[in-house]
Amino acid sequence: MVDPVVFELLHTEMVAELWAHDSDLDPGPGGQKTSLLVLEGMGFRVGQALGERLPREMLAFREELDVLKFLCKDLWGAVFQKQMDSLRTNHQGTYVLQDSSFPLLVRMGSGLQYLEEAPKFLAFTCGLLRGTLSTLGIKSLVTASVAALPACKFQVVIQRS
Amino acid sequence: MEGGLNQAWKSSVRGQASASATVKRLQEVVCQETASSRGPGGERVLALGPGPPEENYPLYIRSVPTENELKFHYMVHTSLDVVDEKISAMGKALVDQRELYLGLLYPTEDYKVYGYVTNSKVKFVMVVDSSNTALRDNEIRSMFRKLHNSYTDVMCNPFYNPGDRIQSRAFDSMVTSMMIQVC
């Protein structure tokens, strides 16, 4: 198995690269949004593939909550070598996944330093969650928030048509 | 050749077509497909896409030998209903079984139809000649497992966009070797 730090370093470079080009084009919020979209899109495609690969040996998911539990246990375990710390739901299609020590934020520090920079480092992971859900047949909207590093929350809202 | 086949499929099988309409549009497909190796029994392998029942469209279809194509395409389509029925039975916890392999969907006088559905709601349907009694359940299971593994590899291929028809040669050759083994 590959050392997890390889993915962390690659991810850091991805964010840095996108932001470096950003300042040339459009220094305002518009350019930043594009970069966030690109990161989210990358995470989405990776999530789609993982959503096919990871559940392979598992039995069929019976309901939505099973899929969310799979995200918290198996997806997080495969990508971040740990499980999500808590999963809450309002039973009406909104789920809040909490990680008290998110591996992609852990190296930045703990507390409030770098709080404004943190959201960039969550975009890929939001896409990852959305992509995996999409392969498993669930359309969703995933957003993330940080109150204090390295803890963060991912909010998954199921889109029912 | 493959491009033409793509076009015909994309325009023909989307959505719930009535039986006669399906047969009519599929006529184009038959003329264009190249002949595969001939064997004593017939076998068709089909992987179908995900989505709500109105949107089941084929990601991949292959048959050996190639006469009577239409009949097999039609059988696969009707067996989709059985697959959907089994999936919804699983969901309602009426059946305790949560396996991916669906088993024999329904036997007709000449053919047996087997189904398999993945967690991502991709359905695999296999039609085998009834005279081919040498095929046992566990062999069918292992064939489906191979199909699932190959499909996963296709999904992980960066040049594949999820939802497109499968054009991977690796997938083709896996299916060919599997069908030759059986026929």
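User: Is B:Thr152 buried or exposed?

Analyst: This is a predicted model, and in it B:Thr152 lies in helix α4 of chain B. Its relative accessibility is 0%, and the cut-off for a buried residue is under 20%. B:Thr152 therefore counts as buried.

User: Which residues is B:Thr152 in contact with, leaving aside its neighbours within four places in sequence?

Analyst: Contact here requires heavy atoms within 4.5 Å. With the neighbours within four places in sequence left aside, the residues in contact with B:Thr152 are A:Glu52, A:Arg53 and A:Arg56.

User: How far does helix α4 of chain B reach from its first C-alpha to its last?

Analyst: Helix α4 of chain B covers residues 137–156, which is 20 residues. At 1.5 Å a residue the expected span is 28 Å. The reach in the model is close to that, at 29 Å.

User: Which residues of α4(B) are buried?

Analyst: An α-helix has 3.6 residues a turn, so residues three or four places apart point the same way. The buried residues of α4(B) include B:Ile140, B:Met143, B:Phe144, B:Leu147 and B:His148.

User: Which residue forms a salt bridge with B:Asp153?

Analyst: Side chains of opposite charge can pair when their charged atoms come close. B:Asp153 lies in helix α4 of chain B and its partner in helix α2 (residues 29–53) of chain A, so the pair joins two chains. The closest N and O atoms are 3.3 Å apart, and the partner is A:Arg53.

User: How far apart in sequence are the parts tied together by A:Asp99 and A:Lys82?

Analyst: A:Asp99 and A:Lys82 form a salt bridge whose closest N and O atoms are 2.3 Å apart. A:Asp99 is buried at 1% relative accessibility, whereas A:Lys82 is partly exposed at 21%. A:Asp99 lies in strand β2 of chain A and A:Lys82 in the loop between α3 and β1 (86–89) of chain A, so the parts that the pair ties together are separated in sequence by 17 residues.

User: Which residues are linked with A:Lys82 in a network of salt bridges?

Analyst: Over all chains, the count of salt bridges is eight. The network that holds A:Lys82 also links A:Asp85 and A:Asp99.

User: Is A:Lys120 buried or exposed?

Analyst: A:Lys120 forms a salt bridge with A:Glu117, with 2.6 Å between the closest N and O atoms. A:Glu117 is partly exposed, at a relative accessible area of 33%. A:Lys120 has 14% relative accessibility and therefore counts as buried.

User: Why do A:Phe80 and A:Phe102 form the kind of aromatic pair that they do?

Analyst: The structure holds 11 aromatic pairs over all chains. The ring centres of A:Phe80 and A:Phe102 are 5.0 Å apart. A:Phe80 is in helix α3 (residues 64–80) of chain A and A:Phe102 in the loop between β2 (94–99) and α4 (103–106) of chain A, 22 residues apart, and both are buried. Their planes meet at 65°, so the pair is edge-to-face.

User: What is the angle between the planes of B:Phe124 and B:Tyr151?

Analyst: B:Phe124 belongs to strand β5 (residues 123–129) of chain B and B:Tyr151 to helix α4 of chain B, so this pair links distant parts of the chain, 27 residues apart. Both residues are buried. The pair is edge-to-face, with 6.1 Å centre to centre and an angle between the planes of 80°.

User: Which element gives the largest share of the lining of the second largest pocket?

Analyst: The second largest pocket has a volume of about 400 Å³. Its lining comprises 13 residues, with A:Val2, A:Phe7, A:Ala78, A:Val79 and A:Gln81 nearest the centre. The elements giving two or more residues are α1 (4–25), α2, α3 and α5 (120–135) of chain A. The largest share, three residues, comes from α1(A).

User: What percentage of the residues in chain B is buried?

Analyst: Chain B has five helices and five strands, in the pattern α-α-β-β-α-β-β-β-α-α along the sequence. Of the 183 residues in chain B, the buried ones make up 47%.

Technical notes
Residues are numbered from 1 along each chain as its sequence is written. Chains are lettered from A and ligands numbered from 1 in the order in which they are written. This is a predicted model: local features need pLDDT of at least 70, side-chain atom pairs count only at pLDDT 80 or more; totals for chains, interfaces and linings use all residues. Side-chain values use heavy atoms; hydrogens and water are left out. Helices (H or I, at least four residues) and strands (E, at least two) are DSSP runs, numbered from the N terminus. The expected span of a helix is 1.5 Å times one less than its number of residues. Buried means under 20% relative accessible area, exposed over 50%, partly exposed in between (1.4 Å probe, protein chains only). Rings of Phe, Tyr and Trp (its six-membered ring) pair if their centres lie within 6.5 Å; planes under 30 degrees apart count as stacked, over 60 as edge-to-face and the rest as tilted. A salt bridge is a side-chain nitrogen of Lys or Arg within 4 Å of a carboxyl oxygen of Asp or Glu. On a 1 Å grid over the protein atoms alone, a cavity is a set of points where a 1.4 Å probe fits but cannot get out, and a pocket is an open set with protein on both sides within 12 Å along at least five of seven lines; lining residues have an atom within 4 Å of a point. Grid points are joined across faces, edges and corners, and a volume is the space filled by probe spheres set on the points.
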